[in-house]
Amino acid sequence: MVPTVQVAVLGACGVGKTSIVRRFVAQDFQEEYTPTEYRELYRASAVLSGRLYELHILDVPNLQRYPATSGQEWMDPRFRGLRNSRAFILVFDICSPESFHHVKQLRQQIIESSSKTPLIIVVGNKRDQQKHRFAPRHVLSVLVKKSWKCGYLECSARSNWHVLLLFKELLISATSRGRSTNPSICLQGALHRERCSIM
Amino acid sequence: MEPVSHQGMPRLSWIDTLYSNFNYGTDGYDAEGNEEQKSSREGSETMPYIDESPTMSPQLSARSQDSVDGVSPTPTEVLLPGGESESDKGLLMRKLVLSGVLASEEIYINQLEALLLPMKPLKATATTSQPVLTMQQIDAIFYKIQDIYEIHKDFYDNLCPIVQQWDNQTTVGHLFQKLASQLGMYKAFVDNYKCALETAEKCSQCNNQFFKISENLKVKGPKDSKEQPTSVTMEALLYKPIDRVTRSTLVLHDLLKHTPSDHPDYALLQDALRISQNFLSSINEDIDPRRTAVTTPKGETRQLVKDGYLVELSENSRKLRHLFLFTDLLLCAKLKKATVGKHQQYDCKWYIPLADLVFPSPEESEPIPQLHATPDHEIEDMKAKISVLKSEIQKEKKSNKGSSRTIERLKKKMFEYESWLLLSSPTIPFRIHNKNGKSYLFLLSSDYERSEWREAIQKLQKKDLQAFALSSLELQVLTGSCFKLRTVHNVPIISNKDDDESPGLYGFLHVIVKSAKGFSHSSNLYCTLEVDSFGYFVSKAKTRVFRDTMEPEWNEEFEIELEGSQCLRILCYEKCYDKSKLNKDNNEIVDKIMGKGQIQAAT
């Protein structure tokens, strides 16, 4: 079958998880906020350097705690399949320090409960609200990349900025994991290159 | 760093991933009852492709009934109340799944139609003095879309009447089978996808007329709905086939789930699923010329299974051929003489699709023309000559005085002798017959190899094969790939071997053939031993026949002379005493092989 990458999108309430996913798969954006109540699986196909991939993107409502064991995962049907994900997109709102803190906790919980180092990309959403951000980009970027060892990226689902880049990076990192021992290093390199080409 | 404006999509040509205007965004593996929510959001494009939860089926069926309302005269069993049996329910689900397939096919066809719509006028202007796009650009953007459209249109046109006049015994598997076998087209599409997008992107940037066309393609709504055509970008439409192909197995899984295993469709659908799965798992495979050549008519990858040098008897003379067994055909080729500055190439002599290939039994085929059994004494003479030459070469080498030219001359002579021996000594006939007429005859030196070829072919024939003919281009490509694909590189001739190559074993090998067991019925059994000399196998020893037994105990000892040997093969036969089958004159082995095996002697 076509190689499939399972991704879970996590983060605090109202940071724009569903918006990012919908922007990517369905090319739409809704201004008004509808909290996601159920777990939803999106399937998207993508072609990356001539190869066909399938992305299974799991969009779940905000969870207080990442399920540490499969038992916990099955307790709540909304989170089913979460622990099978090979990659995580942790979304925060660049205007909300609390959401960033939540992402920090989530990352810790994910790493503690997985046997392998999972692929994690931290994403600052709502880039269109640049003026209200709580911390400069480079501060967050350095913190995430250096001490959390995760990929970092900012995007805006509303203006469709860098959403595609996010999934492209994810796909590149997820498919090239065998080659690089440290996902964050390979991700950084890739990000750097792409940043040059877009700016 | 200015974020891209609100409405403008970031046109990033380096991104392969595409915006999807997706079809089946969500998948029904949700156990939760959020189906309602999903469908309302996705509108008309929702497809009940997967309906996992049994609790949902009444609701689902009600909905789907509406959608096909007026199209099909609803059969009575569809309206059965709750007490219906499991299988009836399954068959009902089958119809619903198929109606769903039909609806989604229609949407897909409409999308492809919309995409193809501007192609004709664009092509028409391409030849004028003011072309919108060049022919090359048009070909790049619309590559294979027409073919894909036709495949699906054909599928839809055939499926539509079946679903409308529904009968629980109706089979649709052959349609899915056909569709699956044509998936190969998508491979070409995927390979060209990036190029198509980039071309479309470039063209719309520098050509305002094309930009307007590509931003506003009209997709028709479903037939019975009064929906206005929706306007979609070309980019989004070009993505459709990509999205589509990865889902080609989903619907088959669904249909299979609701098809009882005794239904005539079951096997067909399973085959279609297998083909689709094969296709999807091979779609990303690098085109490795060593393993894959071209695709079979079924869209599977044609692979080289076995190859080797054989002597063919054709037009009354012995000729050295290289035989290639592919997944679905047998190709007989001749190595062309090397010309300076060119790679060696094969020349196709003939090929037979395995579907047409049969093995005639010895009785029904013509005997081998006597003329071609080389007299034993000639072969013995030649062997003697070769061994004289060999020792001469050794002597020359040792003395070191001998000019390399002398050695070259001797080697050349030996190569001639050996080639002659290689052509003349094989006597075991291996017959192949094409159902459409022609028969071919090979001569082998080893019965083990003959049975290996036969088994390999028969194993492939177990698969469901179809007859076909290769176009001259396909044949050329396939023959061209033979040189890279081949696993046997050299004719098994000693003078071909380099001195530093692993020389194999020399000397005498003592073999005791003791006993055998595990036969299912008692019979007359004997064994033969084959040993190779530089990869060329010849039968060297034969035990006596042990009559009427299930546990023969031969306890015979043999001394076999080895020369550059690597491998010992043992074959066990059931002796055939049927006089009518026996034909002693032409060395034919009519005895049935009961078992065989080989041992690596040199490691």
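Two residues are in contact when heavy atoms lie within 4.5 Å. Keep that cut-off in mind for the helix pairs below. The model is predicted.

Start with a helix pair in chain B. In this pair, B:A200, B:C203, B:S204 and B:C206 of helix α8(B) meet B:N208, B:F210, B:F211 and B:S214 of helix α9(B). Sorted by type, the residues of this contact are five nonpolar, three polar and no charged. Helix α8 spans residues 184-206 of chain B, and helix α9 spans residues 208-215. Their axes come within 5 Å and cross at roughly 125°. The crossing of α8(B) past α9(B) is left-handed.

Now move along chain B to a second pair. Two packed helices are described by the angle between their axes and the distance between the axes. For helix α13 (residues 376-399) and helix α14 (residues 404-424) of chain B, the axes come within 10 Å and cross at roughly 155°. An angle over 145 degrees counts as roughly antiparallel. That is why α13(B) and α14(B) are roughly antiparallel to each other. Here too the crossing is left-handed. On the α13(B) side, the contact includes B:I379, B:M382, B:I386, B:L389 and B:I393. On the α14(B) side, B:I407, B:L410, B:M414, B:Y417 and B:L421 are among the residues that take part. By type, the residues of the contact divide into 11 nonpolar, two polar and 10 charged.

Step back to chain B as a whole. Chain B has 16 helices and 17 strands. Of its 603 residues, 48% count as buried. Take the contacts in chain B with a separation of 6 or more: residues 24 or more positions apart account for 69% of them. B:L441 and B:S314 are 127 residues apart in sequence, yet their C-alpha atoms are 7.3 Å apart. Under 20% relative accessible area counts as buried. At 13%, B:L441 is therefore buried.

Turn to chain A and its sheet. Six strands of chain A form an open sheet in the order β2-β3-β1-β4-β5-β6, and the pairing is mixed. The edge strands are β2 and β6 (151-154), each pairing on one side only. On average, neighbouring strands are turned by 25° against each other, direction ignored.

Strand β2(A) covers residues 40-48, and nine of its nine residues are buried. In a regular strand the side chains alternate between the two faces of the sheet. In β2(A), A:E40, A:Y42, A:A44, A:A46 and A:L48 point one way, while A:L41, A:R43, A:S45 and A:V47 point the other way. Nine bridges join β2(A) to strand β3 (residues 51-59) of chain A, and the two run antiparallel. In this pairing, A:A46 stands opposite A:Y53.

Strand β1 (residues 4-11) of chain A pairs with β4(A) in the parallel sense over five bridges. A:L10 stands opposite A:L90 there. β4(A) also pairs with β5(A) in the parallel sense, over seven bridges. A:L90 has A:V122 as its bridge partner in β5(A).

Strand β5(A) holds A:L119. A:L119 counts as buried because its relative accessibility is 1%. A:L119 and A:V7 are 112 residues apart in sequence and 9.3 Å apart in space, C-alpha to C-alpha. Four bridges join β5(A) to β6(A), which run parallel. In β6(A), A:G151 is the bridge partner of A:I121.

Finally, look at the helices on this sheet. Helix α1 (residues 17-26) of chain A packs on the sheet and touches β1, β2, β3, β4 and β5 of chain A. Chain B contributes too: its helix α10 (residues 234-245) lies across β2 and β3 of chain A, running at about 115° to β2(A).

Note on methods:
Residues are numbered from 1 along each chain as its sequence is written. Chains are lettered from A and ligands numbered from 1 in the order in which they are written. This is a predicted model: local features need pLDDT of at least 70, side-chain atom pairs count only at pLDDT 80 or more; totals for chains, interfaces and linings use all residues. Side-chain values use heavy atoms; hydrogens and water are left out. Axes are lines fitted to C-alpha atoms, for helices over the stretch in contact, and angles run from 0 to 180 degrees between N-to-C directions. Angles under 35 degrees count as roughly parallel, over 145 as roughly antiparallel, 65 to 115 as roughly perpendicular and the rest as oblique. A crossing is left-handed if the near helix is turned anticlockwise from the far one by less than a right angle, and right-handed if clockwise. Ala, Val, Leu, Ile, Met, Phe, Trp, Tyr, Cys and Pro count as nonpolar, Asp, Glu, Lys and Arg as charged, and the others, Gly among them, as polar. Buried means under 20% relative accessible area, exposed over 50%, partly exposed in between (1.4 Å probe, protein chains only). Two strands pair if DSSP finds at least two bridges between them.
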